[in-house]
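Here is a friendly walk through one protein model, meant to be read with the structure open beside you.

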Amino acid sequence: KGSSKPQRMLSYVQRHSKRGDPDSVISTIDIFCRSKEWAMNVGDEKGLILDKLICEANPSIVLELGTYCGYSSLRIARLLPPGGRLFTMEFNPAYAKIAKQIIAWAGLESKIQVLEGPSGDLIPQLKKKHAIEKCDIIFIDHWKDCYLPDTKLLEECGLIGKGTVLIADNVTFPGTPDYLEYVRNSPHYSSQYFKSYLEYSKTEDGLEKSVFLG
Ligand SMILES: O=C(NCCO)c1cc(-c2ccc(F)cc2)cc(O)c1O
Ligand SMILES: [Mg+2]
């Protein structure tokens with residue numbers, strides 16, 4: 001009986017999903033969020049769009065900003081080709097602790113590395129500490145006021161190269177106006193909005209896909 005929502009989500013996953021089966025864990029989290037407690041996972045509707053974008057890109061190296069409980073980490077990692085890796089950054093240690101357990105329960109720990117701490121500190125360490133050249137896909141889903149500064153930091157660190165695909169959650173709700181203005185007006189990005197709905201809700205939201213042109 002967890003005391004926090006993430007703890008209650010973990011307990012629900014361990015009781016109602018099939019261990020080692022990411023699809024079972026993903027659908028179980030969606031049932032928890034629809035029938036028990038709303039939670040800020042990307043969800044099943046935006047999740048389907050994310051799945052399609054991941055499959056189209058067939059990425060080797062994916063970076064996720066904002067792990068929360070690991071729901072989108074599972075959605076991404078289950079679609080990676082053999083040898084593909086997901087690095088996911090989470091500032092909140094309580095969230096990171098739960099995410100690691102949900103990722104382990106789903107059996108995807110060999111493909112996912114959860115990095116704890118402020119993204120502003122972790123991003124400059126990626127190349128040297130994790131032997132990363134360029135990111136193929138970056139899924140941005142952390143604090144909405146950090147989308148733009150972290151995108152600029154990723155550019156400065158040389159982690160965004162020609163063909164890198166940025167996928168940003170919540171560009172409509174809660175909204176990331178400065179980030180949207182940047183990627184939509186920059187000559188270095190080609191951007192496209194995928195209209196959808198806020199997770200487990202009828203409010204409009206969507207994903208913004210932005211390809212770096214070099
Ligand atoms: O803050 C968010 N993520 C970073 C957490 O460290 C986040 C928030 C919301 C949301 C919140 C409150 C509400 F009323 C509506 C939406 C939704 C999301 O998808 C999110 O990713
Ligand atoms: Mg989100």
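Asn170 counts as buried, at 4% relative accessibility; buried means under 20% relative accessible area, exposed over 50% and partly exposed in between, using a 1.4 Å probe and protein chains only. Asn170 is found in the loop between β5 and α9, and has a positive phi of about 65° although it is not a glycine. Helices (H or I, at least four residues) and strands (E, at least two) are DSSP runs, numbered from the N terminus.

Asn58 also has a positive phi, near 45°, and is a residue other than glycine. Look for Asn58 in the loop between α3 and β1 (61-65). Helix α9 (residues 171-175) holds Pro174, and a cis peptide bond with omega of about 0° joins Pro174 to Phe173. For context, most residues other than glycine have a negative phi, and most peptide bonds are trans.

## How to read the model

This is a predicted model, in which local features need pLDDT of at least 70 and side-chain atom pairs count only at pLDDT 80 or more, while totals for chains, interfaces and linings use all residues. Residues are numbered from 1 along each chain as its sequence is written, chains are lettered from A and ligands numbered from 1 in the order in which they are written, and side-chain values use heavy atoms, with hydrogens and water left out.

## Two helices

Helix α1 (residues 5-16) has twelve residues and reaches 16 Å from its first C-alpha to its last, close to the 16 Å expected; the expected span is 1.5 Å times one less than the number of residues. Which residues of α1 are buried? They are Pro6, Met9, Leu10, Tyr12 and Val13. Seen down the axis of α1, these buried residues fall within an arc of 165°, so they line one face of the helix; the arc is that of the directions from the helix axis to the C-beta atoms. They pack against α2 (22-35) and α5 (93-106).

Helix α3 (residues 43-57) has 15 residues and spans 20 Å between its first and last C-alpha, close to the 21 Å expected. Its buried residues are Gly43, Lys46, Gly47, Ile49, Leu50, Asp51, Leu53 and Ile54. Among the partners they pack against are α2, α4 (71-77) and β4 (137-140).

## Leu159 and its contacts

Leu159 lies in the loop between α8 (147-156) and β5, and is buried, with a relative accessible area of 0%. Leaving aside neighbours within four places in sequence, Leu159 is in contact with residues including Ile123, Leu126, Ile132, Cys135 and Leu154; contact means heavy atoms within 4.5 Å.

## Pocket and cavity

The largest pocket has a volume of about 410 Å³. Of the 21 residues that line the pocket, the closest to its centre are Gly66, Glu90, Asp141, His142 and Trp143. On a 1 Å grid over the protein atoms alone, a pocket is an open set of points with protein on both sides within 12 Å along at least five of seven lines, a cavity is a set where a 1.4 Å probe fits but cannot get out, and lining residues have an atom within 4 Å of a point. Grid points are joined across faces, edges and corners, and a volume is the space filled by probe spheres set on the points.

The structure holds one cavity of 30 Å³ or more. About 40 Å³ of space lies in the largest cavity, whose lining includes Met40, Gly66, Tyr68 and Asp141.
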